[in-house]
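Me: I've got a model open and would like to go through it piece by piece. Can you take my questions as they come?

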Amino acid sequence: MRLGLLFLAALGGALLQNPAAAEERTVVPKFVEETESAGLDSAYTGEWEYMVGGGAATFDCDSDGFPDLLVAGGTSPAKFYRNASEPGSALQFQEQESGLELEGATGAYPFDVDSDGITDLIVLRVGENIAMRGLGACRFERANERWGFDGGGAWSTALAATWEHGAEWPTIAVGNYIDRREQIFPWGSCTDNWLHRPAEGVEDKFASPLPLKPSFCALSMLFTDWSRSGTPSLRISNDREYYKGGQEQLWRIAPGEAPTLFTEADGWQRLLVWGMGIASYDLDFDGYPEYFLTSMADNKLQTLADIPEGRDPRPAYTDVAFAKGVTAHRPYTGGDEVKPSTAWHAAFEDVNNDGLADLFVAKGNVWEMPDFALKDPNNLLVQQTDSTFEEAGEIAGVASFHTARGAALTDFNLDGLIDLVVVNRGDKAQLWRNVSQDTGHWVQVKLQQPGANPEAIGAWVEVRRGATVIRREITVGGGHAGGHIGWHHFGLGSAARPALRVLWPDGSASDWQELEASNFYIVKRGEPAEIWAAD
Amino acid sequence: MVRIRHILSATIVVVLTLVGTASAAEPARGPDALRAWYKMVLELVRHTPTYSPPVASRSFAYLGVTAFEAMASGSSDLHSLAGQVNGLTATPLREPGAIYDEAVILDAAMASAVRSFFGNTGPTGQRALEAIETRLSERVSAGLPANVVKRSRTYGRSIAAHIFAWSETDGGATVENMGFPLQYELTNGPAHWVPTSTIGQQQTPLLPKWGENRTFAMPDGMACPLPAPPPYSEEEASEFYREALEVYETVADLSEEQRTIARFWSDDPMLSPTPPGHWISIAWQVLDKQEASLSDGVDLMARLGVSLADSFIRCWQSKYEFDLVRPVTYIRRLIDPDWEPVLITPPFPEYPSGHSTQSGAAAAVLTAFFGDDFAFDDATHEDDGLPARTYRSFEAAAEEAAISRLYGGIHFRAAIDRGLEQGRCIGAYATALRTRI
């Protein structure tokens with residue numbers, strides 16, 4: 001690890017590729033583990049059917065602004081923790097009965113399915129998936145029958161959700177894995193992924209699920225507007241260990257039309273990886289998201305190969321993981337450096353508030369695979385001013401040697417710094433508080449719009465700092481078996497008065513409005529952004 | 001030349017009376033078990049991360065010898081390979097006068113050997129191994145006296161243990177980081193290999209010491225030598241440049257049929273049973289169609305496995321001796337900086353083509369076994385959506401496998417042609433093994 005570079009101030013202009021960072025310096029992030037003191041005591045347990053999964057979901061279900069937490073337990077019941085932290089203080093969680101204590105859970109994704117202003121969750125399971133309707137005060141009830149949600153009986157391992165144009169009800173894609181009844185020759189037995197679209201002519205119900213054929217053992221899915229056409233496509237990362245004739249997939253999901261795959265004729269390039277997680281972020285500030293795909297050994301960082309003037313881009317990507325220093329293909333410490341790594345959840349967040357997204361990757365052996373690192377520390381890859389990344393997991397204090405799966409990066413104590421929770425297979429989940437010093441400014445926003453899709457899934461939030469516009473797509477999906485809804489965090493570096501606008505899911509754009517850095521804002525459609533503060 | 005012997009009626013119970021040993025076997029149980037184990041092995045090769053083509057070839061050799069010796073130990077027909085292949089000593093003897101069941105012996109030997117060679121496979125492979133072991137064990141031992149089953153199983157395992165102990169000393173038993181060394185010093189100069197991808201793990205070449213492994217039927221790793229490749233040159237009139245231009249122009253004008261051929265023989269590790277597994281698969285398709293006897297099955301698996309393993313040892317020795325640059329590096333440097341080959345360039349030196357060498361060897365063994373001009377269909381990749389292809393002979397298939405590397409843009413002509421020649425030479429050693437009494 002070239003730690004020295006982490007401390008460097010900005011280099012000379014000739015080396016800089018990142019216009020956002022010219023005047024910034026890279027602060028080394030620091031985390032302290034507060035698992036026990038915070039009251040977190042949950043492990044993801046189970047054997048073969050639970051070698052994948054182990055997600056975490058973060059959402060605010062008691063309307064206090066603090067993200068609450070659901071941790072999948074595998075064969076153990078999932079555990080719900082209400083966030084009892086004080087602003088800026090040590091993290092505190094209280095395990096609380098919520099109705100979410102389901103066995104067989106591999107993960108969960110939170111969002112407001114029925115647009116009633118209360119967060120709901122879809123819990124993925126080995127067996128029937130269960131839609132859990134939020135009742136308020138962090139209580140949930142089963143809603144499969146109420147919403148016509150067919151939970152199936154597969155081994156579910158991925159989810160993505162969107163609101164198709166004009167729809168009053170969401171569309172949910174569920175990724176399913178191996179046919180677990182196939183004991184001797186499970187390879188090639190991938191079960192169908194399902195697309196749950198709104199029922200026609202019936203309010204507040206899903207139609208019967210549509211199989212997405214072919215399916216190739218999905219471990220991560222994301223509805224994402226990769227081409228900025230205004231209509232998200234469904235990107236699926238598949239585990240090549242189990243498919244035959246498969247590859248990574250990009251589905252065209254157009255309202256009222258049957259899903260179709262992007263093909264080589266469209267520009268889509270055949271890629272076969274042990275796909276386990278997707279993270280996306282517009283790293284190069286060109287308006288188009290980059291995609292990080294986790295795998296075994298090398299991971300991928302994809303950027304559009306060509307963005308033609310005046311025409312939509314084709315879905316052809318260049319892998320820049322090596323050039324950017326994010327292959328993360330083997331451990332950087334711990335004694336197992338001679339073996340390749342195994343990567344799962346990934347997420348981009350700016351952990352040091354310098355205006356540049358950093359990358360967290362959860363690592364962990366599949367299950368005693370001796371050719372892969374057994375001591376496989378999580379990565380915290382900090383983006384440098386030249387747009388490359390440097391490993392900081394060890395110095396930041398998050399280099400756990402447990403067998404990680406899912407994770408969530410969010411600001412649990414509302415101090416402007418992104419904290420971290422990691423779900424471990426066969427071990428306790430771990431919680432770290434971000435205690436970095438001398439970080440830059442930040443701003444966090446929560447979107448609200450009237451009617452359907454109140455959280456504005458599919459919107460793009462743009463934050464301007466100086467000449468640079470940071471863009472985040474608001475999505476449900478990706479990562480590994482878990483997601484976050486609520487505050488969207490932007491690091492600002494030295495920018496004290498950033499500007500913000502929202503490109504709402506229907507394509508309309510708000511005006512730019514100036515914000516005060518280091519504040520939380522509620523952004524209601526058609527209204528000025530309002531500062532929010534914890535009671 | 002060994003010719004196919006057709007299987008006897010499945011309903012006949014054959015009692016083989018050997019010198020000092022009595023054995024009972026229902027013919028169908030043995031071939032079924034052998035076939036089932038190889039089907040599993042072809043999946044495990046694909047799904048075990050260390051199984052690059054050289055590593056796969058090694059296991060095919062030891063598994064083939066295990067099955068062969070398990071059967072030869074009680075056969076009046078088969079002749080042990082002990083003393084013929086390098087370092088293999090006489091296998092354990094059976095109890096004089098005791099009754100054994102050949103299918104149980106074979107199943108136990110294969111179960112034990114597969115467990116040994118694929119002990120590092122992932123959780124799904126382990127689960128599959130446990131399931132198939134239970135199912136086959138129940139099937140082959142059904143209706144047999146318990147003492148015969150126990151004795152046969154113990155004996156089969158002792159054969160596997162003997163072969164595995166032999167394998168431990170060949171130099172190829174330990175594979176770290178999927179075969180990519182952490183440190184490797186590149187040879188200076190434009191003629192030599194440099195990394196061809198941006199995969200972090202593949203910035204060093206695959207298994208640079210593999211050519212030093214103990215060979216099987218070849219006397220050593222220096223047998224079947226190759227002439228040097230055309231002298232490196234950047235002159236447009238040079239043979240080297242012409243060969244590079246041939247790759248470039250072939251890829252530029254690739255027909256759909258050529259593209260299909262390139263993909264059919266791509267045989268990428270972790271995405272297929274690998275090139276040696278492809279030939280094992282071909283052999284099984286032919287054995288099945290011929291309803292081959294158990295003796296022929298184990299004979300062919302031993303010979304073919306040995307020839308494939310020798311091929312990779314010899315080929316790898318040559319690769320690192322000449323350490324030649326890949327077409328993608330040369331073409332991008334001198335002809336077209338944006339050039340992309342059809343196939344992913346493998347992460348090791350170019351000369352000779354490993355697929356060509358091992359295909360030449362495999363074809364030599366299969367031709368000796370089944371005869372010249374033996375037409376067959378190859379459906380190895382049907383599950384992956386690639387339709388079966390038909391060949392008029394094993395040699396024709398080997399030639400197509402070899403030229404596929406030109407269509408794929410990953411080898412020059414010399415590596416292909418000479419690789420095939422090297423393979424034929426290597427195959428002759430396996431063909432010369434005495435397997436029949």
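Me: Let's start in β31(A): which residue there does A:Val463 stand opposite?
Reply: Keep in mind that this is a predicted model. Strand β30 (residues 460–465) of chain A pairs with strand β31 (residues 468–473) of chain A in the antiparallel sense, over six bridges. Within that pairing, the residue across from A:Val463 is A:Ile470.

Me: And the hairpin that β30(A) and β31(A) form, which residue in the turn has a positive phi?
Reply: Two residues sit between the strands of this hairpin. The one in the turn with a positive phi, about 65°, is A:Gly466.

Me: Moving to the open sheet in chain A, what order do its four strands take?
Reply: The pairing in this sheet is mixed. Its edges are β33 (488–493) and β37 (530–532) of chain A, each pairing on one side only. From one strand to the next the twist averages 35°. Reading across, the order is β33-β29-β36-β37.

Me: What is the bridge partner of A:Gln448 in β36(A)?
Reply: Strand β29 (residues 441–448) of chain A runs parallel to strand β36 (residues 519–524) of chain A, and six bridges join the two. In β36(A), A:Gln448 has as its partner A:Lys524.

Me: Is A:Glu530 buried or exposed?
Reply: A:Glu530 is found in strand β37 of chain A, and that strand is an edge of the sheet. Setting aside residues up to four places away in sequence, A:Glu530 touches A:Tyr521 and A:Ile522. A residue with 12 or fewer other C-beta atoms within 10 Å is exposed; A:Glu530 has 11, so it is exposed.

Me: How far apart in space are A:Glu530 and A:Phe520, C-alpha to C-alpha?
Reply: In sequence, A:Glu530 and A:Phe520 are 10 residues apart. Going from C-alpha to C-alpha, the spacing is 8.2 Å.

Me: In chain B, where is B:Pro352 found?
Reply: The peptide bond from B:Tyr351 to B:Pro352 is cis as well, with omega near 0°. As for its place in the chain, B:Pro352 sits in the loop between α10 (327–334) and α11 (354–370) of chain B.

Me: A:Asn353 has a positive phi; is it buried or exposed?
Reply: Phi of A:Asn353 is near 55°, and the residue isn't a glycine. It lies in the loop between β22 (343–349) and β23 (358–363) of chain A. The cut-off for burial is 20 or more other C-beta atoms within 10 Å; A:Asn353 has 28, so it counts as buried.

Me: And B:Asp373, buried or exposed?
Reply: B:Asp373 also has a positive phi, about 50°, without being a glycine. Its loop lies between α11 and β4 (376–378) of chain B. With 11 other C-beta atoms within 10 Å, B:Asp373 is exposed.

Me: Which element supplies the largest share of the side of domain 1 of chain B that touches domain 2 of chain B?
Reply: Chain B is divided into domain 1 (2–167) and domain 2 (183–431), with 29 Å between their centres, taken over C-alpha atoms. The contact takes 37 residues from domain 1 and 42 residues from domain 2 of chain B. By class, the domain 1 side has 24 nonpolar, eight polar and five charged residues. Its largest share, 13 residues, comes from α2(B).

Me: Last one: how many nonpolar residues are on the side of chain A that touches chain B?
Reply: The contact between the chains takes 29 residues from chain A and 25 residues from chain B. On the chain A side, five are polar and seven are charged, and the nonpolar count is 17.

Definitions and conventions:
Residues numbered from 1 in each chain as written. Chains lettered and ligands numbered in written order. Predicted model: local features only at pLDDT ≥ 70, side-chain atom pairs only at ≥ 80, totals over all residues. Pairing = 2+ DSSP bridges. Axes fitted to C-alpha atoms, helices over the stretch in contact; angles between N-to-C directions. Contact = placed C-beta atoms within 7 Å. Nonpolar A, V, L, I, M, F, W, Y, C, P; charged D, E, K, R; others polar. Domains from an automatic or database assignment.
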